[in-house]
Amino acid sequence: MEKIQEKSIISMRRFQEPDAGEVSELIKKTLTETNSKNYPKAVISHLVAHVTPKQIVKLSHSLYRIVLTEGDGIVATGAYEKKLFRRGMIKALYIMPTYQGYGLGRQIVKHLEQIAREENVRTMKLEASLWCSGVLY
Ligand SMILES: CC(C)(COP(=O)(O)OP(=O)(O)OC[C@H]1O[C@@H](n2cnc3c(N)ncnc32)[C@H](O)[C@@H]1OP(=O)(O)O)[C@@H](O)C(=O)NCCC(=O)NCCS
């Protein structure tokens, strides 16, 4: 608990391809430990099987994806997708289970909203359910 509250040691940066393995593990862990509370086991297993580093890299080409790091480790991630007609979507928000509830999700959303504003996006959607999107990570 005390360690996580030292937020100054958590920093934000743009996702890079070498991060894919770690981001994949972070998403799998979050799906397994957090989302499994709301979704059937079969759904979680299906999603976990598809969160490969290769898939993360592939999807990142069309996303503005960021990572939050503590020391050398990635503890959270989130992405923004610019769509046609000045629309955007915030998606793939995953906070490491032990880091949830400390404002990191809010911090990521705030940053991604700012990026969208700078790109003149007028309408933003927030992906809130694993069922809602064909592109999950
Ligand atoms: C949902 C998630 C991204 C929130 O991130 P977080 O860092 O834990 O959230 P924060 O601490 O920044 O909280 C921000 C606000 O959201 C609220 N909140 C956080 N998780 C919530 C939940 N599961 N249900 C309802 N409200 C929630 C907090 O109470 C807070 O509101 P407040 O400031 O008015 O009290 C995180 O719990 C997570 O990774 N969940 C699993 C993955 C997931 O479902 N992602 C979303 C779909 S892509």
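Trainee: What share of the contacts with a separation of 6 or more is between residues 24 or more positions apart?
Mentor: In the protein chain, such pairs account for 64% of those contacts. Two residues are in contact if their C-beta atoms, placed from the backbone, lie within 7 Å. Keep in mind that this is a predicted model: local features need pLDDT of at least 70, side-chain atom pairs count only at pLDDT 80 or more, and totals for chains, interfaces and linings use all residues. Residues are numbered from 1 along each chain as its sequence is written.

Trainee: OK, and what does the pLDDT average over the protein chain?
Mentor: The average is 88, and 88% of the residues score at least 70. pLDDT is the predictor's confidence in each residue, from 0 to 100.

Trainee: Where does pLDDT stay under 50?
Mentor: Over residues 131–135, where the model has 4 contacts beyond four places in sequence. Where pLDDT is low, the predicted coordinates should not be read in detail.

Trainee: Switching topic, how many helices and strands are there?
Mentor: The protein chain has 5 helices and 5 strands. Both are DSSP runs numbered from the N terminus, helices being H or I with at least four residues and strands E with at least two. Along the sequence the pattern reads α-β-α-α-α-β-β-β-α-β.

Trainee: How do H2 and H4 cross?
Mentor: Helix H2 (residues 20–33) and helix H4 (residues 53–60) have axes that come within 8 Å and cross at roughly 105 degrees. H2 is therefore roughly perpendicular to H4. The axes are lines fitted to C-alpha atoms, for helices over the stretch in contact, and angles run from 0 to 180 degrees between N-to-C directions. Angles under 35 degrees count as roughly parallel, over 145 as roughly antiparallel, 65 to 115 as roughly perpendicular and the rest as oblique.

Trainee: Which residues make that contact of H2 and H4?
Mentor: On H2 they are Ala20, Gly21, Val23 and Ser24, and on H4 they are Pro53, Ile56 and Val57. By class, the contact of H2 with H4 has 5 nonpolar, 2 polar and no charged residues. Here Ala, Val, Leu, Ile, Met, Phe, Trp, Tyr, Cys and Pro count as nonpolar, Asp, Glu, Lys and Arg as charged, and the others, Gly among them, as polar.

Trainee: And at what angle do H2 and H3 pack?
Mentor: At about 180 degrees, with the axes 9 Å apart. So H2 is roughly antiparallel to H3. Lys28, Leu31 and Thr32 of H2 meet Ile44, Leu47 and Val48 of H3. That contact of H2 with H3 divides into 4 nonpolar, 1 polar and 1 charged residues.

Trainee: Where is Asn35 in all this?
Mentor: Asn35 sits in the loop between H2 and helix H3 (41–50). It counts as partly exposed because it has 17 C-beta neighbours inside 10 Å. The cut-offs are 20 or more other C-beta atoms within 10 Å of a residue's own for buried, 12 or fewer for exposed, and in between for partly exposed, with C-beta atoms placed from the backbone.

Trainee: How many residues apart in sequence are Asn35 and Pro97?
Mentor: They are 62 residues apart in sequence, and 10.0 Å apart in space, C-alpha to C-alpha.

Trainee: What share of the chain is buried?
Mentor: Buried residues are 24% of the 137 residues in the protein chain.

Trainee: Is Phe85 buried or exposed?
Mentor: Exposed, because it has 7 other C-beta atoms within 10 Å.

Trainee: What about the phi of Asn120?
Mentor: Asn120 has a positive phi too, of about 65 degrees, and it is not a glycine. You'll find Asn120 in the loop between helix H5 (104–118) and strand S5 (123–126). With 9 C-beta neighbours inside 10 Å, Asn120 counts as exposed.

Trainee: Last one: which residues come nearest the ligand?
Mentor: Of the 17 residues around the ligand, Ile95, Gln100, Leu104, Gly105 and Arg106 come nearest. A residue is near a molecule if its C-beta atom, placed from the backbone, lies within 6 Å of it.

Trainee: Which element gives the largest share of the shell?
Mentor: S4 does, with 5 residues. S4 and H5 each supply at least two residues of the shell around the ligand. By class, the shell has 7 nonpolar, 7 polar and 3 charged residues.
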